[in-house]
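Hi,

Here's the structure I promised to pass on.

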Amino acid sequence: MASTPGPRIKDIHITPIATVDPPLLNAAGLHAPYALRTVLEIVTEDNISGISEIPGTKDIDAALEDSKKLLIGQDVFQLNQIRQVLVQAFGKDSSADRGLAPWDQRKLVHIFSAVEVACLDIIGKVTNKPIVDLLGGKLRDRVPFAAYLFYKYAGAGGELGFGLDPTASGWDAARQKSALNPEEIVAQAKAMCKEFGFQSIKLKGGVFPPRQEVDAIFALREAFGPDVPLRIDPNALWQVETAIQYGREMEPVLEYLEDPVRGQENMAQVRKALKTPLATNMCTTSFEEIPRSIAFGSEDIILSDHHFWGGLRASMTLAGICETFGRGLSMHSNSHLGISLAAMVHLGAALPDMTYTLDTHYPWQSDEIIIGGRLKFEEGSVMVPAEPGLGVELDRVALAKLHENYKACGLTKRNDEVEMQKVQPGWKFEAVRW
């Protein structure tokens with residue numbers, strides 16, 4: 001007996017948005033006052049809606065627009081066929097397409113991850129199952145995340161830019177304050193952990209000379225004690241010798257060291273010299289890079305990201321590969337709202353092993369585009385949605401407002417170097433700095 005076809009795609013809506021982002025610092029420069037995201041909505045012929053959210057750029061938005069004619073009429077259950085159609089149109093991404101910046105600039109992985117999550121949202125609604133069940137089932141009820149600290153200039157972002165909202169209180173006030181030295185980083189960590197209950201801490205480094213950032217790690221250890229795991233991410237800006245020197249100094253206090261150097265061979269050199277596990281979302285970022293990673297011994301932990309690895313099902317494949325080769329698996333994050341967070345939680349709940357808490361930028365964002373407002377953290381964790389599909393629905397009024405932000409802010413792609421030059425004229429991104 002032939003199987004019954006699934007719902008077919010009738011319409012696709014692509015909405016670029018801009019969400020308020022404070023002036024956070026990283027290896028590539030400075031965050032703009034707004035972070036760009038793109039919201040995809042797929043509607044079936046029987047008017048079932050599925051949604052997803054990806055990092056926004058005008059090029060990926062244009063590619064999504066081009067993909068409409070390929071996707072309309074497709075059966076949402078036939079994700080293998082949908083991927084083949086997109087590969088034929090856009091070609092496969094290469095490692096070089098990722099770029100040198102800390103964020104990923106590949107096209108196909110973004111397009112397919114957006115389409116896949118929206119289709120899985122629909123499939124979940126059709127089958128009356130949450131997405132975690134479509135990934136093999138729930139292994140935990142709550143998914144734990146880490147406090148993600150940033151060096152930053154004072155400022156609230158958005159229309160305020162470097163200005164402050166004097167009416168803000170609690171974490172909303174703390175999020176505006178400068179964090180340019182170890183004392184201010186500790187203050188930021190205390191405020192964030194008080195608000196969200198995080199049980200582990202990550203510092204985004206690569207901003208200041210290593211000595212200053214290592215001092216911040218030891219200041220965090222002193223403030224939080226040995227029971228709170230610490231990690232630091234210099235975004236591959238250190239030389240091998242620098243990474244070994246400071247990596248050895250931090251061995252007593254680090255849970256893992258993320259991307260201290262650039263490239264798999266350099267990572268392997270550092271890995272051999274240190275006892276601390278190395279994690280990456282920069283040197284091993286695609287399936288084609290895994291064989292060399294295994295051959296070199298480049299890292300202990302791969303930080304997956306369903307936006308960059310080609311979707312949720314591909315991330316489960318990655319989990320199996322990591323299990324086979326003795327790699328840990330955790331999760332990378334970018335500036336995101338609740339749709340992406342819900343997808344991350346479903347994936348996190350399905351992963352066979354979760355040794356390390358996941359990354360999230362969510363505390364740094366104040367806007368939201370889902371009904372009911374921002375998702376809640378309890379003791380640093382998010383409850384896995386039990387409703388069918390993603391378990392979140394679009395707030396169309398909020399979406400329209402953030403789309404107006406997009407049109408008004410004038411940004412069309414992320415460029416932290418340009419933003420940094422507004423503060424430090426002539427500043428240039430360097431792939432390796434110290």
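Predicted model: local features only at pLDDT ≥ 70, side-chain atom pairs only at ≥ 80, totals over all residues.

Where does Glu 116 sit? Its place is in helix α3, which covers residues 108–127. Is Glu 116 buried or exposed? It's buried, because its relative accessible area is 0%, and the cut-off for buried is under 20%. I also looked at Val 76: that residue is 40 places from Glu 116 in sequence, yet the two C-alpha atoms are 8.6 Å apart in space.

Next, the strands around β8. Strand β8 runs over residues 201–204, and both of its faces are covered. In a regular strand the side chains alternate between the two faces of the sheet. Here Ile 201 and Leu 203 are on one side, with Lys 202 and Lys 204 on the other, and all four are buried.

Which strands does β8 pair with? One of them is β7 (residues 147–150), in the parallel sense and over four bridges. Within that pairing, Ala 147 has Ile 201 of β8 as its bridge partner. Another is β9 (residues 230–233), where the pairing is parallel too and again has four bridges. There, Lys 204 stands opposite Asp 233 of β9.

Now the chain as a whole. I count 14 helices and 14 strands in its secondary structure. The radius of gyration is 21 Å, close to the 22 Å that the globule rule gives for 434 residues, so the chain is as compact as a globular protein of that length. If you're setting up a box, the C-alpha atoms fill one of roughly 65 × 55 × 40 Å along the principal axes.

A few more overall numbers, in case they're handy:

- Burial: 60% of the 434 residues count as buried.
- Contacts: of those between residues at least 6 apart in sequence, 73% join residues at least 24 apart.
- Surface: the chain exposes about 17,000 Å², with carbon and sulfur atoms supplying 52% of that area.
- Charges: there are 44 positive and 56 negative ones, and their mean positions are 1 Å apart.

That's everything from me for now.

Cheers

Methods: Residues numbered from 1 in each chain as written. Heavy atoms only, no water. Helix = DSSP H or I, 4+ residues; strand = E, 2+ residues; numbered from the N terminus. Rg over C-alpha atoms; globule rule 2.2 N^0.38 Å. Buried < 20%, exposed > 50% of the residue type's maximum accessible area, 1.4 Å probe, protein only. Contact = heavy atoms within 4.5 Å. Areas by Shrake-Rupley, 256 points an atom, 1.4 Å probe, with all protein chains shown as cover. Lys, Arg positive; Asp, Glu negative; His and termini not counted. Charge placed at Lys NZ, Arg CZ, Asp CG, Glu CD. Pairing = 2+ DSSP bridges.
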